[in-house]
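User: I am new to this structure and would like to understand the words used for it. Could you take me through a few of them?

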Amino acid sequence: MEYLVTMTTRVPEGTSETEVDEIRAREAAHTRELAAQGRVLRLWRPPLGPGEWRTIGLFAADGPDDLERTLASMPLRIWRTDEPIPLGAHANDPGSGTVPLAADEGEYLVTFNVAVPEGTDSQAVEEVESGEARRAQELAAEGRLVRLWTLPGHGRNLSLWQAPAADVLQRALDSLPMTAADWLTSETVPLTRHPSDPATVKHDEPTPGAAGTPTT
């Protein structure tokens, strides 16, 4: 099972730079080990304010307890709070590793909320859903839609996209049949790749940062 985890680090006041550097180095090394085990799948940074240390991670685990053991094993956990969200399988998900990572494009997490108007004819719903599935396949083939999951709660989905610019992403989102039908609202979070992101770092190479902390 996959989980999206928001990891926020708050270093206690008065902690020496030497201690911070040591913990960060241990975190980076352990993150590489977890990536090699297939437990840490991706790491990103969302937009951050001054002094914020926050990372978004995609993890694989056998369940909540297994995920907690992974998170608790990470050295930065002594200063970090983790907020995991379970991700469910979506019928239109291109699948892990199907869409190649575009090194020169940005990545975005998009949360969808689907609300079909009450009283909508069942045939109309079926047609829009079929069109949505076809368009998702096309966007995956174009390298835009990378992953798609269900979120807890009715009609909520999470998706990972890549695009060279925000306006290109928006055009892709506007092309979805559910958007055209006005059944879909979305929220977009632009991402930057973390220095320890397993998709861009070889497991046997040193990494300059660690999950939950910025590089200096």
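**Salt bridges and burial**

Analyst: Happy to! In this predicted model, Arg 135 and Glu 142 form a salt bridge, with their closest N and O atoms 3.5 Å apart.

User: What makes the contact between Arg 135 and Glu 142 a salt bridge?

Analyst: The cut-off is a side-chain nitrogen of Lys or Arg within 4 Å of a carboxyl oxygen of Asp or Glu. The closest N and O atoms of Arg 135 and Glu 142 are 3.5 Å apart, and the pair meets that cut-off.

User: Why is Arg 135 called buried?

Analyst: Buried means under 20% relative accessible area. Arg 135 has 17%, so Arg 135 counts as buried.

User: How do you know whether Arg 171 is buried or exposed?

Analyst: Exposed means over 50%, and Arg 171 has a relative accessible area of 52%, so the word exposed applies. Arg 171 also meets Asp 167 in a salt bridge (3.6 Å, N to O); both lie in helix H4, 4 residues apart, about one turn of the helix. Asp 167, at 45%, counts as partly exposed.

User: Which parts does the salt bridge between Arg 39 and Asp 66 tie together?

Analyst: The closest N and O atoms of Arg 39 and Asp 66 are 3.1 Å apart. Arg 39 lies in the loop between helix H1 and strand E2, and Asp 66 in helix H2, so the pair ties together parts that are 27 residues apart in sequence.

User: How many salt bridges are found in the whole structure?

Analyst: A search finds 16.

Terms used
Residues numbered from 1 in each chain as written. Predicted model: local features only at pLDDT ≥ 70, side-chain atom pairs only at ≥ 80, totals over all residues. Heavy atoms only, no water. Helix = DSSP H or I, 4+ residues; strand = E, 2+ residues; numbered from the N terminus. Buried < 20%, exposed > 50% of the residue type's maximum accessible area, 1.4 Å probe, protein only.
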